[in-house]
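This report describes helix packing and the surroundings of a ligand. The structure under discussion is shown below.

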Amino acid sequence: MNELFTFLHSWTRWLLLIVGILALVYFVMRRSQARDFNAFSARLLNAFGTLIVVQWLFGLVLFIVRWNSQGSPTGYQWSHLGAMTIAMLVANAHHGWRRRQLTPSARYLRGLIVLVVSFALLIVGILLLPSPIQWRFYPPSL
Ligand code: HEM
(Lines give C-alpha, C1' and ligand atoms only; values in the text may rest on other atoms or scores of the structure.)
Protein backbone atom coordinates (compact mmCIF):
# COMPACT_ATOMS: atom_id res chain seq x y z
CA MET A 1 0.00 0.00 0.00
CA ASN A 2 2.78 2.40 0.98
CA GLU A 3 4.76 1.72 -2.23
CA LEU A 4 1.67 1.87 -4.44
CA PHE A 5 0.37 5.15 -3.05
CA THR A 6 3.82 6.75 -2.86
CA PHE A 7 4.15 5.90 -6.55
CA LEU A 8 0.65 7.19 -7.49
CA HIS A 9 1.06 10.33 -5.39
CA SER A 10 4.52 11.00 -6.77
CA TRP A 11 3.58 10.58 -10.45
CA THR A 12 0.11 12.22 -10.61
CA ARG A 13 1.92 15.43 -9.63
CA TRP A 14 3.65 15.51 -13.05
CA LEU A 15 0.33 15.12 -14.87
CA LEU A 16 -1.10 17.95 -12.76
CA LEU A 17 1.90 20.10 -13.62
CA ILE A 18 1.55 19.43 -17.37
CA VAL A 19 -2.20 20.20 -17.44
CA GLY A 20 -1.67 23.31 -15.28
CA ILE A 21 1.10 24.69 -17.51
CA LEU A 22 -0.93 23.92 -20.65
CA ALA A 23 -3.93 25.78 -19.17
CA LEU A 24 -1.76 28.72 -18.12
CA VAL A 25 -0.20 29.15 -21.58
CA TYR A 26 -3.51 28.62 -23.38
CA PHE A 27 -5.36 31.11 -21.16
CA VAL A 28 -2.67 33.79 -21.61
CA MET A 29 -2.83 33.32 -25.42
CA ARG A 30 -6.65 33.36 -25.63
CA ARG A 31 -6.94 36.40 -23.37
CA SER A 32 -4.27 38.39 -25.19
CA GLN A 33 -6.01 37.62 -28.52
CA ALA A 34 -9.43 38.63 -27.03
CA ARG A 35 -10.91 35.23 -27.94
CA ASP A 36 -14.09 33.60 -26.61
CA PHE A 37 -14.01 31.42 -23.54
CA ASN A 38 -14.42 28.12 -25.40
CA ALA A 39 -15.31 24.60 -24.25
CA PHE A 40 -11.65 23.53 -24.33
CA SER A 41 -10.77 26.26 -21.81
CA ALA A 42 -13.53 25.07 -19.48
CA ARG A 43 -12.29 21.49 -19.90
CA LEU A 44 -8.72 22.47 -19.07
CA LEU A 45 -9.79 24.21 -15.87
CA ASN A 46 -11.99 21.24 -14.93
CA ALA A 47 -9.18 18.79 -15.65
CA PHE A 48 -6.82 20.77 -13.42
CA GLY A 49 -9.40 20.91 -10.59
CA THR A 50 -10.21 17.19 -10.90
CA LEU A 51 -6.57 16.08 -11.07
CA ILE A 52 -5.73 18.02 -7.94
CA VAL A 53 -8.64 16.33 -6.12
CA VAL A 54 -7.33 12.92 -7.27
CA GLN A 55 -3.83 13.89 -6.09
CA TRP A 56 -5.29 15.11 -2.79
CA LEU A 57 -7.11 11.78 -2.30
CA PHE A 58 -3.93 9.77 -3.08
CA GLY A 59 -2.13 11.99 -0.56
CA LEU A 60 -4.80 11.39 2.07
CA VAL A 61 -4.56 7.60 1.63
CA LEU A 62 -0.75 7.80 1.78
CA PHE A 63 -1.00 9.94 4.91
CA ILE A 64 -3.23 7.34 6.62
CA VAL A 65 -1.10 4.39 5.44
CA ARG A 66 2.06 6.07 6.79
CA TRP A 67 0.28 6.99 10.04
CA ASN A 68 -0.65 3.32 10.44
CA SER A 69 2.78 1.93 9.62
CA GLN A 70 5.17 4.63 10.90
CA GLY A 71 3.25 6.29 13.73
CA SER A 72 2.05 9.88 14.15
CA PRO A 73 2.61 12.18 11.14
CA THR A 74 5.57 14.55 11.32
CA GLY A 75 5.25 18.35 11.37
CA TYR A 76 6.11 18.73 7.68
CA GLN A 77 3.49 16.10 6.75
CA TRP A 78 0.83 18.11 8.57
CA SER A 79 1.92 21.37 6.93
CA HIS A 80 2.05 19.64 3.53
CA LEU A 81 -1.54 18.47 4.06
CA GLY A 82 -2.62 22.00 5.07
CA ALA A 83 -0.99 23.80 2.11
CA MET A 84 -2.27 21.22 -0.39
CA THR A 85 -5.81 21.32 0.99
CA ILE A 86 -5.91 25.09 0.43
CA ALA A 87 -4.39 24.59 -3.09
CA MET A 88 -7.10 22.03 -3.89
CA LEU A 89 -9.88 24.39 -2.74
CA VAL A 90 -8.45 27.34 -4.71
CA ALA A 91 -8.05 25.15 -7.84
CA ASN A 92 -11.78 24.40 -7.71
CA ALA A 93 -12.94 27.96 -6.93
CA HIS A 94 -13.99 28.46 -10.57
CA HIS A 95 -17.08 26.28 -9.94
CA GLY A 96 -18.38 29.25 -7.94
CA TRP A 97 -18.68 31.52 -11.02
CA ARG A 98 -19.18 28.93 -13.77
CA ARG A 99 -22.82 29.91 -14.40
CA ARG A 100 -22.32 33.64 -13.82
CA GLN A 101 -22.46 36.09 -16.75
CA LEU A 102 -18.87 37.23 -17.32
CA THR A 103 -16.97 38.59 -20.30
CA PRO A 104 -14.46 36.12 -21.81
CA SER A 105 -11.64 38.40 -20.69
CA ALA A 106 -12.87 38.39 -17.06
CA ARG A 107 -13.36 34.63 -17.19
CA TYR A 108 -9.80 34.10 -18.46
CA LEU A 109 -8.45 36.49 -15.84
CA ARG A 110 -10.21 34.60 -13.04
CA GLY A 111 -8.98 31.30 -14.47
CA LEU A 112 -5.43 32.65 -14.55
CA ILE A 113 -5.68 33.81 -10.94
CA VAL A 114 -6.92 30.34 -9.93
CA LEU A 115 -4.01 28.70 -11.77
CA VAL A 116 -1.30 31.05 -10.50
CA VAL A 117 -2.46 30.98 -6.85
CA SER A 118 -2.85 27.17 -6.95
CA PHE A 119 0.63 26.79 -8.43
CA ALA A 120 2.13 29.06 -5.76
CA LEU A 121 0.47 26.97 -3.02
CA LEU A 122 1.53 23.70 -4.68
CA ILE A 123 5.14 24.89 -4.76
CA VAL A 124 4.95 25.92 -1.08
CA GLY A 125 3.44 22.49 -0.24
CA ILE A 126 6.25 20.70 -2.07
CA LEU A 127 8.98 22.88 -0.54
CA LEU A 128 7.70 21.88 2.91
CA LEU A 129 8.76 18.27 2.18
CA PRO A 130 12.35 17.04 2.80
CA SER A 131 14.52 18.12 -0.15
CA PRO A 132 15.44 14.59 -1.40
CA ILE A 133 11.78 13.78 -2.17
CA GLN A 134 10.59 17.19 -3.41
CA TRP A 135 11.26 16.76 -7.14
CA ARG A 136 12.38 13.15 -7.42
CA PHE A 137 11.10 10.61 -9.93
CA TYR A 138 9.90 7.85 -7.63
CA PRO A 139 11.05 4.58 -9.24
CA PRO A 140 8.10 2.22 -9.81
CA SER A 141 9.02 -1.05 -8.08
CA LEU A 142 5.52 -2.47 -7.86
C1 HEM B 1 -2.95 18.02 -3.78
C2 HEM B 1 -1.72 18.28 -4.12
C3 HEM B 1 -0.50 17.53 -3.63
C4 HEM B 1 0.68 17.49 -4.28
C5 HEM B 1 1.03 18.16 -5.62
C6 HEM B 1 1.56 16.69 -3.49
C7 HEM B 1 2.88 16.42 -3.82
C8 HEM B 1 3.71 15.57 -3.13
C9 HEM B 1 5.03 15.20 -3.56
C10 HEM B 1 5.72 15.71 -4.81
C11 HEM B 1 5.52 14.33 -2.64
C12 HEM B 1 6.88 13.61 -2.69
C13 HEM B 1 6.63 12.33 -3.49
C14 HEM B 1 7.77 11.36 -3.44
O15 HEM B 1 7.96 10.76 -2.38
O16 HEM B 1 8.41 11.21 -4.50
C17 HEM B 1 4.51 14.16 -1.62
C18 HEM B 1 4.66 13.38 -0.52
C19 HEM B 1 3.68 13.17 0.41
N20 HEM B 1 2.42 13.74 0.42
FE21 HEM B 1 1.67 14.99 -0.96
N22 HEM B 1 0.91 16.25 -2.37
C23 HEM B 1 -0.36 16.75 -2.40
C24 HEM B 1 -1.33 16.57 -1.45
C25 HEM B 1 -1.19 15.81 -0.32
C26 HEM B 1 -2.17 15.65 0.72
C27 HEM B 1 -3.54 16.33 0.74
C28 HEM B 1 -1.64 14.82 1.66
C29 HEM B 1 -2.21 14.32 2.95
C30 HEM B 1 -3.46 14.30 3.28
C31 HEM B 1 -0.34 14.45 1.23
C32 HEM B 1 0.48 13.58 1.89
C33 HEM B 1 1.76 13.25 1.53
C34 HEM B 1 2.61 12.34 2.27
C35 HEM B 1 2.26 11.58 3.55
C36 HEM B 1 3.83 12.30 1.58
C37 HEM B 1 5.07 11.50 1.95
C38 HEM B 1 5.95 12.37 2.81
C39 HEM B 1 7.09 11.59 3.38
O40 HEM B 1 7.74 10.81 2.64
O41 HEM B 1 7.33 11.75 4.57
N42 HEM B 1 -0.09 15.07 0.01
N43 HEM B 1 3.42 14.93 -1.95
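## Ligand shell

A residue is near a molecule or strand if its C-beta atom, placed from the backbone, lies within 6 Å of it. The model is predicted: local features need pLDDT of at least 70 and side-chain atom pairs count only at pLDDT 80 or more, while totals for chains, interfaces and linings use all residues. Residues are numbered from 1 along each chain as its sequence is written.

Around the ligand there are 26 residues, of which Ser10, Gly59, Phe63, Met84 and Ile133 come nearest. Two or more residues of this shell are given by each of helix H1 (2–32), H2, H3 and helix H4 (104–127). H2 gives the most, with eight residues. The shell comprises 14 nonpolar, nine polar and three charged residues. Here Ala, Val, Leu, Ile, Met, Phe, Trp, Tyr, Cys and Pro count as nonpolar, Asp, Glu, Lys and Arg as charged, and the others, Gly among them, as polar. Helices are DSSP runs (H or I, at least four residues), numbered from the N terminus.

## Packing of H2 and H3

The axes of H2 (residues 39–70) and H3 (residues 75–91) come within 9 Å and cross at roughly 160°. H2 is therefore roughly antiparallel to H3, a term for angles over 145 degrees. Axes are lines fitted to C-alpha atoms, for helices over the stretch in contact, and angles run from 0 to 180 degrees between N-to-C directions.

In this contact (C-beta atoms, placed from the backbone, within 7 Å), the H2 residues include Phe48, Trp56 and Phe63, and those of H3 include Leu81, Met84 and Met88. By class, the contact of H2 with H3 has ten nonpolar, three polar and no charged residues.

Notes:
Parallel < 35°, antiparallel > 145°, perpendicular 65-115°, else oblique. Contact = placed C-beta atoms within 7 Å.
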